[in-house]
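Biologist: Could you bring the model up on the screen? I'm new to it, and I'll keep asking how you know what you tell me.

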Amino acid sequence: MSCATLTTITLFRELFLMSALHALKALWILGVFLLTFFWLPTRLFSGRPNAPRVIRIAGNWARTVLCVTILLFLLCSLKVFGAITLVLAFLGAIAVGWFRTRGGMPRGLWTNLQATTINVMRMVESRSLDLLFLARKRLYPSARRSWGLRVNEWLRALEGRELLSACFVVVLGTTIVLRTEHAVRELRFDQPEQYSALLRARELMLNIHPAGRPFVFPSMIAATSLLSGTDPMQVTRFVTPAIGLFVVLATGLLIQVCARGGVACVAAMYCLGAAAFPPASNQTVVATSAMEKIESVFSGSPSTIRARPEFALGLLFLLLALVFLADWYRNSRGWDSLLDFTCCLLLTGIISQVLLVVLVIAAGVLLLRPMAGLFAFVMLCYGLAACATLSTGITVPDEISTILPVAAAVLLGCVLALMEAALVANAGRKAETALLVVCLSVAVIWLRPQRLPGRCLEYETAARATQEIASRFPRQTWVVAAPVEQLAETFGLGGHEDLAGFVEKYRSQVSSPEFRFQSAREDLFIYVEKKPFQIFSREPQTVSFSVLTDPTYRNYRSPGGRASLEAAALQLCESYRQYHSNADVFFDNEVLRIYHIHPQPASETKAGQ
């Protein structure tokens, strides 16, 4: 066997093992996440016996997220948040659920324990182990019968809707693939806001700034990270796509509860989950007049818009709040649905005040008529997006435009639901199948799935090299001089110094043989991009003055500014290597080089001024 063949086999084996390890890590993180936010609530919260299972799951999820958010805020405010306190709280919640299922009171538990002990002693005395085995055998057929009855109920519910159910499965699978594609392939984030969420999660884990924002999504990251024993960066990497998937499911659930249209539900989920919207019209001229700005709002494609994780979580709770309210309105569920609505209302208000306003107005209209509430939601979303484009005196967050994909999907669902109701009333269930076939044809010919828009801020090798440094060197014994993205990746693990300030501070001193860095007693890693990372293919046509004067944009986002900075950093490191022997290369490939400045003994340290 040739050397090239052996090398190929070795590389394939390493890639396969790495993919398997990443898959296992993702399954472990998502398993702990689902265990905490979906399994545990079933042991804590009861009620809603007549509500559909999906409504109960969504309500328990909202209650748990609110409880975890409040718990983390209290623990961080008291400076006692950590793995031990969180695990104790988790075990305490399990114990409470166990007591509730066993009667809820210690006296009832003691009585049950006494009865069980007496029964065991009687069976031992009478040597009736064969009866015990017989009793166990009798339990299994009953369990099988209960599962069989449940499966039969599901089959009866799907009877006559096999094509619609198959389409739902395909849509769900497509959404999962598109939402998780980047997270499975790469460690780096594809949304800039994920770095701020990661930084906030690390701050919460260190009991720093408990009242800062964002808060809800970082609380979920911190709780899952401590319970699973994994780095919060890995948790952020895999939980973010899950939030996007939940938003798609909540959109379909809202249309199903309000409009009761199966085809409309699946079509809306497909458009939102697969980013299957009509393409945007080409605009070569920057919009200046009011009409041009309004036209840009309605002519833009929602497929190019993506909400940040915290805002997407607020949007999820807004949709679920409308679901609970519509379910309560249609079926008179009682106080449990209103309690779920209140939890979602509070979480939406914590995340975004604008979303809270949208929720309150849409909920008020929904109580008059559910379909009217959906149209009011769509009109509010597009109206606020237009106000954000036009207004100068009224402050509307720019991120309100990221709600437009959901609004467009809801609008499509409403239109199809009206069509479906009219066709079914005139032609029966066959009309539903015909409408579904038409929607499938449109999806295959015109609205095909698209990759979700993403904007990476660093090379994949930079993120993986940072993880390697954190795993190989003890905590707080090393410093990285790197772009701002590495601050979130290293906070709490090691030191970080902004590369632009580092270069400006030391570039004129490194040529001296007596020079030493101020962090000379720690391992120093300097990130230098041999091929500067391009966030934009070219300089933006219009940039506001505040953005233009922002050091982060000037040094790292602007292609020209980043190229100048990286060239100066490369010159600094090579000059230092020429006059000092404690520098070598820690990592090097075609785009990135990381210099390693080894620590100097205290007697030789002379910090640069």
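**Starting from a serine**

Modeller: Let's begin with Ser 219: skipping its neighbours within four places in sequence, Ser 219 is in contact with Leu 72 and Leu 204. Contact means heavy atoms within 4.5 Å. Ser 219 itself is part of helix α8. Keep in mind that this is a predicted model, where local features need pLDDT of at least 70 and side-chain atom pairs count only at pLDDT 80 or more, while totals for chains, interfaces and linings use all residues. Residues are numbered from 1 along each chain as its sequence is written, and side-chain values use heavy atoms, leaving out hydrogens and water.

Biologist: Why is Ser 219 called buried?

Modeller: Its relative accessible area is 0%. Buried means under 20%, exposed over 50%, and partly exposed in between (1.4 Å probe, protein chains only), so at 0% Ser 219 counts as buried. In the whole protein, 44% of the 609 residues count as buried.

Biologist: What makes α7 a helix, and what span is expected for it?

Modeller: Helices (H or I, at least four residues) and strands (E, at least two) are DSSP runs, numbered from the N terminus. α7 covers residues 193–205, so with 13 residues it passes that cut-off. Just after α7, Asn 207 has a positive phi of about 60°.

Biologist: How many helices and strands are there in the protein?

Modeller: There are 23 helices and 5 strands.

**Strands and rings**

Biologist: How do you know that β4 and β5 pair?

Modeller: Two strands pair if DSSP finds at least two bridges between them. β4 (residues 583–588) and β5 (residues 592–597) have 5 bridges, so they count as paired, in the antiparallel sense. They form a hairpin with 3 residues between them, and Asp 584 stands opposite His 596 in β5. β5 is also joined to β3 by 6 bridges, again antiparallel, with Leu 592 as the bridge partner of Glu 529.

Biologist: Which way do the side chains of β3 point?

Modeller: In a regular strand the side chains alternate between the two faces of the sheet. Here Asp 523, Phe 525, Tyr 527 and Glu 529 point one way, and Leu 524, Ile 526 and Val 528 the other. β3 is mostly covered, with 7 of its 7 residues buried.

Biologist: Why is the pair of Phe 525 and Phe 586 called edge-to-face?

Modeller: Rings of Phe, Tyr and Trp (its six-membered ring) pair if their centres lie within 6.5 Å; planes under 30 degrees apart count as stacked, over 60 as edge-to-face and the rest as tilted. The centres of Phe 525 and Phe 586 are 5.2 Å apart and their planes are at 70°, so the pair is edge-to-face. Phe 525 lies in β3 and Phe 586 in β4, so the pair ties together parts 61 residues apart in sequence. Phe 586 counts as buried at 18% relative accessibility. Searching the whole structure turns up 20 aromatic pairs.

Biologist: What makes you say a charge sits over the ring of Phe 45?

Modeller: The rule asks for NZ of Lys or CZ of Arg within 6 Å of the ring centre and within 35 degrees of the ring normal. The charged end of Arg 63 is 5.5 Å from the centre of the Phe 45 ring, and it sits over that ring.

Biologist: Where is confidence lowest, and where is it highest?

Modeller: pLDDT is the predictor's confidence in each residue, from 0 to 100. The lowest mean is 47, in helix α5 (residues 129–158), and the highest is 95, in α8. Over residues 131–140 pLDDT stays under 50, and the model has 1 contact there beyond four places in sequence. Where pLDDT is low, the predicted coordinates should not be read in detail. The protein's mean pLDDT is 82, with 78% of its residues at 70 or more.

Conventions:
Expected span 1.5 Å × (residues − 1).
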